[in-house]
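This report covers a pocket, a helix pairing and the confidence of one model. The sequence and structure come first.

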Amino acid sequence: MHSVTVELEAASTMELVNALSAIATELASRDVPESAAACLELTETLAAASDIQESVLAGFIGRVDAAGEQARWGYPSPQAWLRSRLGMRDNRAKERLTLARQRHRLPQVCAQLASGDLSYGYATTIADSVARLDDTDCAEAETTLLGFVDQGFSAGKVAAFGRRIRDLITERDDTEDAPDEDTKRGYDKSWITTTRSLDGGRYVKGWLNPEDAAIWDGTLAPLAKPAGPDDRRDVAERTAAALSSVLSGGHKATKVTVICDLDTLTGGNAPARLTDGTPIPAAQARRIALSAGVSPLLLGKGNTPLYLGWRERFASSAQRQVLETLYPSCAVRGCELPGTLCEVDHVHGWALGESPTDIDQLALACGWHNRFKHTRPDQIQITKDQDGRYVYRLLPPPDARPSSGGHSPPSDIGPPDPALDWAA
C-alpha cells in the first residue's frame, strides 16, 4: 500500500494528477464491499467525483486541441489521439472533444460541472446541442436546456430538446420567421445544392423524395457497409466514400480477392479466406477463384504472395491489391484508417534511392501519416512483425524525450516494448 500526502493548495497540477492516479490504483485493488446499500452510495459518490474529473479533462483536451499538440506526436487529429493513446471508443472521443471545444461558450455548464452540480452526461448533451449554433443562440440555448435539467428531464429528453433547440428559442421569444428557402421547395421534388469551399472541397445539402431515396439506399447502402472489423469510419464517412465510388464508376469494377494456398486451388482441403478474414470452403474457393470480377491471391510458404491472377495487367495495380490484403489498416500502430483508403508508401523512401518499387519494400500508410513519416522521419520507428509486415510506431517529439526531461508515453496501448527505450 502506498501513502499519498498532498497539500491541495500548494501542490502543482501534475502532483494532484499523480496523487489522483495513485488513489484510483489503490481503490481498484480493493475488494467490493459486501453491503449492496454501501455500494449504491459509493457508486453515486464516485460517479459524482468522476464527473468533476471530466471537467478537468475537458480543459486539458481543449488546450491540446487549440495548440494542435497532438500533431507533433504523430496524430492527425485530437480525435485520433484520444482513440489511439487513450483507447476511447469513437463516440466517447467525439463527446469529450465537443465538450472541450464548447467550454468557452458554456460558462454556466462548466461552472456547474466543476462544482458537481451537473453530471457529465447532461454537460455533453448540452455541448453537442449548441455546437452548430452561433454565439447568440448558444447563450439562449444554454439557459433553456439547463432549465429542462432543473425541471428533472432525463439526459435523453434534454438531447431530444437540443435537436430542435432553434425552434424552442423561436417559440419562447415569439420571433418565428417565415419559412426558409429549403422549406419553400416542398417535398415532392428532389434537390441538391453544392457550395465550393476555399480549400477546394464542397459542402453538399439536399433532399430526396421517397422514390429517389429508395434508389439512394439501394445503390449506396451495400457499398457503405464497414470494410471489416477494423473499419472505424462512421456511417457518414462510409456513405461519402460509397458516393465517390459510384460517381467515379469504381463500384462497377469492385474487386473481390480470394486468398488461398496453391494446394487449395489444385484440390486441397485447406480453406481460403476473403481480405476481411471471412473463411471460404476450399471447394467454393475453387469454383469462384477464376470467376469474373474475382482475383485469386495465391500464397506460398510463409504466406508470401506469389501470384495475383488474371485481373490486373500492370504491376502497380497488382502490388496495391497485395498490399491491401497484407495491411487491413494503415501501417502506423494505432491508426485505424482502412488499408483500402491508404497510400502506397516506399518504406525507406523511393526518392532517396533506397527503396525500389518491390513488394517487400512497400507498405500502406494513410495520407496524413505518409506525409508525417517523410517530414519527421526521426519520429517513426520501423520494424517488421512475425509475418513480415512493416509496423510503423510513433515516437515522441525530440524535445519531449527523457533526455530533455519531457514525458514520453509508449507509442501504443499495451505492454511496454523494449525496442521503444528512448534512452538506449
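## Largest pocket

The largest pocket has a volume of about 2,000 Å³. A pocket here is an open set of points on a 1 Å grid over the protein atoms alone, where a 1.4 Å probe fits and protein lies on both sides within 12 Å along at least five of seven lines. The volume is the space filled by probe spheres set on the points, which are joined across faces, edges and corners.

Its lining numbers 49 residues, with Val 17, Leu 20, Ser 21, Gln 53 and Leu 57 nearest the centre; a lining residue has an atom within 4 Å of a point. Two or more residues each come from α1 (13–29), α2 (36–67), α3 (69–72) and α4 (78–86), and α2 gives the largest share, 16 residues. Helices are DSSP runs (H or I, at least four residues), as are strands (E, at least two), numbered from the N terminus.

## Packing of α2 and α6

α2 and α6 (residues 107–115) pack at about 135°, their axes 7 Å apart. Axes are lines fitted to C-alpha atoms over the stretch in contact, and angles run from 0 to 180 degrees between N-to-C directions. Asp 51, Ile 52 and Ser 55 of α2 meet Cys 110, Leu 113, Ala 114 and Ser 115 of α6, contact being heavy atoms within 4.5 Å.

## Confidence and conventions

The model is predicted; local features need pLDDT of at least 70, side-chain atom pairs count only at 80 or more, and totals for chains, interfaces and linings use all residues. Residues are numbered from 1 along each chain as its sequence is written, and side-chain values use heavy atoms, without hydrogens and water.

The pLDDT (the predictor's confidence in each residue, from 0 to 100) averages 77 over the chain, and 72% of the residues score at least 70. Mean confidence is lowest in strand β7 (residues 305–307), at 43, and highest in α6, at 95.
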